[in-house]
Amino acid sequence: MRPEIWQPLLLSLKVALWATGINLVLGVAVAYGLSRWRSRLNATVDALLTLPLVLPPTVLGYYLLVLLGRRGLIGGWLDDLGLNPVFTWQGAVIAATLAAFPLVQKAARAAFEGVDVQLEDAAKVLGLKPLAVFVRVSLPLAMRGIVAGALLAFARALGEFGATLMIAGNLPGRTQTLSVAIYSAIEAGDDAGANLLVLVASATCVAALLLASRLTRERTPRRAA
Amino acid sequence: MRLDIAIQRRLDDPQRPFALDVAFRSDAGRLVLFGPSGAGKSLTLRAIAGLLRPDRGHVTVAGRTLFDDFRGVDVPARDRQVGYVFQDYALFPHLTVAQNVAFGLRTGLRNPSRRRVPEAARQWLEAFEIHDLASRYPSQLSGGQRQRVALARALAPEPRLLLLDEPFAALDTALRGRLRDNLVALQERLGLQMLMITHDPADVEAVAQQVLELRDGRIHPDPRSV
């Protein structure tokens, strides 16, 4: 396969895996916290966290530039440490993570809210500390929803375009992801290249969906015969 | 006194404000808290188990103070050594019967193994005649079997007090009579103090050595006024 094809594919997979991994930790933690936290601010926080889902990706990318750019709020400080995420694949991970975050968070939160609080109470009375209650009861019972959310997040991260382009740019071999490469190929009039990239992107998404449906099936506890 | 309870707690639910103000002491092995639904029976159990924090009062079980607002004592639920059988049993649906019974025997981050059942859990499985069901899941059990699993799970960590929340409500009438007798026999064998709540006079008749009647969050007649 030509490097113009596999380089963007590998980069996209790397970025999407990182973004999904980060969201599994971050999204699940936030979701659990919110599902057990009763406050009037709950709805406001929920709206803020859902924003990446509805904002135009270019707007998201612009916010990231403002924050992480060389003269940005966090970027200036990162720059002093020699860490500048602009025009790097790590920048693409940040963009993809942010864009996919609400998908994991919302799915996980719905899953945690479906876990009977009485089961957590039973675990507490049987001597478990809060972390053990989470790991042994809440997490396994919410696992199906979390896996489903992670799958959607992976697909979303794989297809991320607008925010990625703005923060990571379009450097072939370095920050050019699959979706960005497709756009570049069409711009350059390389129809054959674009076709091939589109096929690869479609096949990757279908494979991810099939894999996830298998994972969710295996995690389901057996039902009554 | 084995059990010494005084609990005050206000619930500021705008639809249904409620004040719980319960006080009693008892040495009875089988103590029953009797009253209609909404009287505060479950809240009382939750406060004793450490799942609900009273505004004021004290909870003493088997001579050990678990809660005392005046002295600033509030032992977390996990350290209270109080067994709890929930109304619909609250068995863990993702774990087998053996794993459910062994659940409280290890308090670390990992659930008990599906295959290797610890000796203490095996004894309880046999005592309740559920060893044949050890590898089944709760969804595959009948109501009576679930109750036995819930009792075995609550007793395995050797609690000092067993709380039972309407343990017969989820069962059909034919089964109730037999299981009430079983519970009485179990309590006599173990010598463990039990506090059961119910709205069913037949439960009181069959089980209670001492009855306390709860109405609108208070014991009637209030033992403090006698």
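**Ground rules**

I number residues from 1 along each chain as its sequence is written, with chains lettered from A and ligands numbered from 1 in the order in which they are written. Since the model is predicted, local features need pLDDT of at least 70 and side-chain atom pairs count only at pLDDT 80 or more, while totals for chains, interfaces and linings use all residues.

**Confidence**

I looked up the scores and found ipTM 0.93 and pTM 0.88. Chain B averages a pLDDT of 93, and 97% of its residues score at least 70. I note that pLDDT is the predictor's confidence in each residue, from 0 to 100.

**Chain A overall**

I went through the secondary structure of chain A and got 10 helices and zero strands. Helices (H or I, at least four residues) and strands (E, at least two) are DSSP runs, numbered from the N terminus. The C-alpha trace of chain A spans about 65 × 50 × 30 Å along its principal axes. Of its 225 residues, 39% count as buried. My cut-offs: buried takes 20 or more other C-beta atoms within 10 Å of a residue's own, exposed takes 12 or fewer, and partly exposed is in between, with C-beta atoms placed from the backbone.

I also checked the contacts in chain A between residues at least 6 apart in sequence, and 74% of them join residues at least 24 apart. Two residues are in contact if their C-beta atoms, placed from the backbone, lie within 7 Å.

Which residues of helix H9 of chain A are buried? In H9 (residues 178-187), I have A:Leu178, A:Ser179, A:Val180, A:Ala181, A:Ile182 and A:Ala185 down as buried. A:Gly189 follows H9(A), and its phi is positive, near 75°.

Next I picked A:Ala155, which lies in helix H7 of chain A. A:Ala155 has 19 other C-beta atoms within 10 Å, so it is partly exposed. Leaving aside neighbours within four places in sequence, A:Ala155 is in contact with A:Cys205 and A:Ala208.

**Where A meets B**

I found 22 residues of chain A in contact with 21 residues of chain B. On the side of chain A that touches chain B, helix H6 (117-125) and helix H7 (130-159) each supply at least two residues. H7(A) gives the largest share of that side, seven residues. I sorted the residues on this side of chain A into 14 nonpolar, two polar and six charged. In that sorting, Ala, Val, Leu, Ile, Met, Phe, Trp, Tyr, Cys and Pro count as nonpolar, Asp, Glu, Lys and Arg as charged, and the others, Gly among them, as polar.

**Chain B overall**

Chain B has six helices and 11 strands. Its radius of gyration is 18 Å, close to the 17 Å that the globule rule gives for 226 residues, so chain B is as compact as a globular protein of that length. The radius is taken over C-alpha atoms, and the rule is 2.2 Å times the number of residues to the power 0.38. The C-alpha trace of chain B spans about 55 × 40 × 40 Å along its principal axes, and 44% of the 226 residues count as buried.

**Strand S8 of chain B**

What pairs with S8(B)? Strand S7 (residues 82-85) of chain B runs parallel to S8(B) and is joined to it by four bridges, with B:Val85 opposite B:Leu164. Strand S9 (residues 193-198) of chain B also pairs with S8(B) in the parallel sense, over five bridges, and there the bridge partner of B:Leu164 is B:Met196. I count two strands as paired if DSSP finds at least two bridges between them.

From S8(B) the chain crosses through helix H5 (residues 173-190) of chain B to S9(B), and this β-α-β crossover is right-handed. Right-handed means that, with the strands pointing away from the viewer, the path from the first strand over the helix to the second runs clockwise.

B:Tyr89 lies in the loop between S7 and helix H2 (97-102) of chain B. B:Tyr89 is not a glycine, although its phi is positive, about 75°. I counted B:Tyr89 as buried because 24 other C-beta atoms lie within 10 Å.
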